Amino acid sequence: MKSLNLARNVLTSLHIGSLLFGLYGLVILPRSPEFLANMPPEGMAIMEFGMAHGGAVYIVFGALAVGLWGAQILGMRQLLMFLVPSFLLSLASELLGTSTGFPFGAYSYTELLGPKILGLVPFVIPLSWFYMGLVSYMLARAIFGEARGVLGVVGPLLLGAWFLTAWDLVLDPAMAVADPKFWVWLETGPFFGMPLQNFAGWFGTGLLFMAVARGLWGTNPPVPTRAQLTFPLIIYVANIFFSAVMSIGAGLYIPVLMGLVLGLLPVVWAWWCGATNPEPQLTGGRAG
């Protein structure tokens with residue numbers, strides 16, 4: 001257990017470190033052209049590597065860290081029941097989106113997130129759906145506690161999909177409007193140049209794979225404790241922070257405000273709703 005905790009902490013540190021490195025290279029460094037001009041060759045090589053691979057690296061570290069956390073509190077079988085649907089269904093949704101414009105609207109990825117599946121979707125994109133989807137669902141699960149019946153099943157699914165979508169309210173302007181762009185929109189819309197359909201697509205995709213995972217589990221996972229939710233809270237906050245700084249760097253303040261009010265504050269409340277006694281802890285052996 002200690003070795004797993006250590007590995008998870010190392011991966012989390014690398015994930016957050018990669019996010020901070022990306023912010024430095026994408027937001028801070030361009031505002032210091034004299035520093036960039038005097039950078040030694042070794043520094044330039046590091047920056048060039050970061051620009052070429054940093055987007056994919058931070059996602060991989062995040063997925064590995066969340067995967068270890070999920071295996072610890074859910075067990076490997078239940079983790080895979082979430083990982084596989086989230087990966088495959090989000091990939092299918094992204095491939096459909098980049099090919100037809102449904103369900104997100106018409107868009108395409110640039111080369112900044114690495115190699116693409118079928119030349120359309122970077123292979124790391126489904127991993128980001130997985131790790132942010134799992135932390136979003138588990139945080140939402142805490143709010144509904146011991147609720148039974150339809151509310152106990154549907155409530156965490158709807159709120160988890162909303163937490164995931166709230167992250168995108170900040171993420172999309174940061175990635176698609178600010179420079180450099182990680183994806184580009186091929187149609188215009190009212191939300192900083194992107195269609196509102198995008199957010200319906202995000203909510204629907206997240207809700208779909210969370211519902212499939214919940215169906216495979218057959219029962220709700222036990223209510224996580226506040227201590228167990230500290231890790232997903234850190235991951236969510238770190239990713240919101242990265243997107244917020246990118247948006248602010250591009251002069252986009254409204255998406256940041258929306259992400260804070262509609263995503264971050266409810267997520268902190270979800271963390272506070274975590275069980276405080278040790279009895280309901282997820283043991284890693286089963287989902288319910």
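## Order of helices and strands

Along the sequence, the protein chain of this predicted model runs in the pattern α-α-α-α-β-β-β-α-α-β-α-α-α. The secondary structure amounts to nine helices and four strands. Helices (H or I, at least four residues) and strands (E, at least two) are DSSP runs, numbered from the N terminus. Residues are numbered from 1 along each chain as its sequence is written, and side-chain values use heavy atoms, with hydrogens and water left out. In this predicted model, local features need pLDDT of at least 70 and side-chain atom pairs count only at pLDDT 80 or more, while totals for chains, interfaces and linings use all residues.

Of the 288 residues in the protein chain, 52% are classed as buried. Buried means under 20% relative accessible area, exposed means over 50%, and partly exposed lies in between (1.4 Å probe, protein chains only).

## Packing of helices α6 and α7

Two packed helices are described by the angle between their axes and the distance between the axes. The axes of helix α6 (residues 149-176) and helix α7 (residues 197-217) come within 8 Å of each other and cross at roughly 140°. The contact of α6 with α7 is made up of 16 nonpolar, four polar and three charged residues. Here Ala, Val, Leu, Ile, Met, Phe, Trp, Tyr, Cys and Pro count as nonpolar, Asp, Glu, Lys and Arg as charged, and the others, Gly among them, as polar. Axes are lines fitted to C-alpha atoms, for helices over the stretch in contact, and angles run from 0 to 180 degrees between N-to-C directions.

Ser247 belongs to helix α8 (residues 226-249). With a relative accessible area of 0%, Ser247 is buried. Ser247 and Asp172 are 75 residues apart along the chain, and their C-alpha atoms are separated by 9.0 Å.

## A nonpolar patch on the surface

On the surface, a nonpolar patch is formed by Trp162, Leu257, Leu260, Val261, Leu262 and Leu265, which together have about 510 Å² of accessible area. Patches are made of residues with over 30% relative accessible area and no salt bridge; like charges are joined within 9 Å, and nonpolar side chains (Val, Leu, Ile, Met, Phe, Trp, Tyr) within 5 Å. Accessible areas come from the Shrake-Rupley method with a 1.4 Å probe, and for residues only the protein chains shown count as cover.

Helix α9 (residues 254-272) gives the most to this patch, with five residues. Leu257 lies in helix α9 and is exposed, because its relative accessible area is 54%.

## Salt bridges

There are two salt bridges in the structure. A salt bridge is a side-chain nitrogen of Lys or Arg within 4 Å of a carboxyl oxygen of Asp or Glu. One joins Lys116 to Glu111, with the closest N and O atoms 3.2 Å apart. Lys116 is partly exposed, at a relative accessible area of 24%, whereas Glu111 is exposed, at 59%. Another links the side chains of Arg148 and Glu146, at 3.8 Å from N to O. Both Arg148 and Glu146 are exposed.

## Backbone features in loops

The peptide bond from Phe102 to Pro103 is cis, with omega near 10°. Pro103 lies in the loop between α4 (76-100) and β1 (107-109).

Leu118 is not a glycine, yet its phi is positive, near 55°. Leu118 sits in the loop between β2 (116-117) and β3 (121-122) and counts as exposed, at 71% relative accessibility. Phe192, also not a glycine, has a positive phi of about 50°. Phe192 is found in the loop between β4 (183-185) and α7, and its 32% relative accessibility makes it partly exposed.
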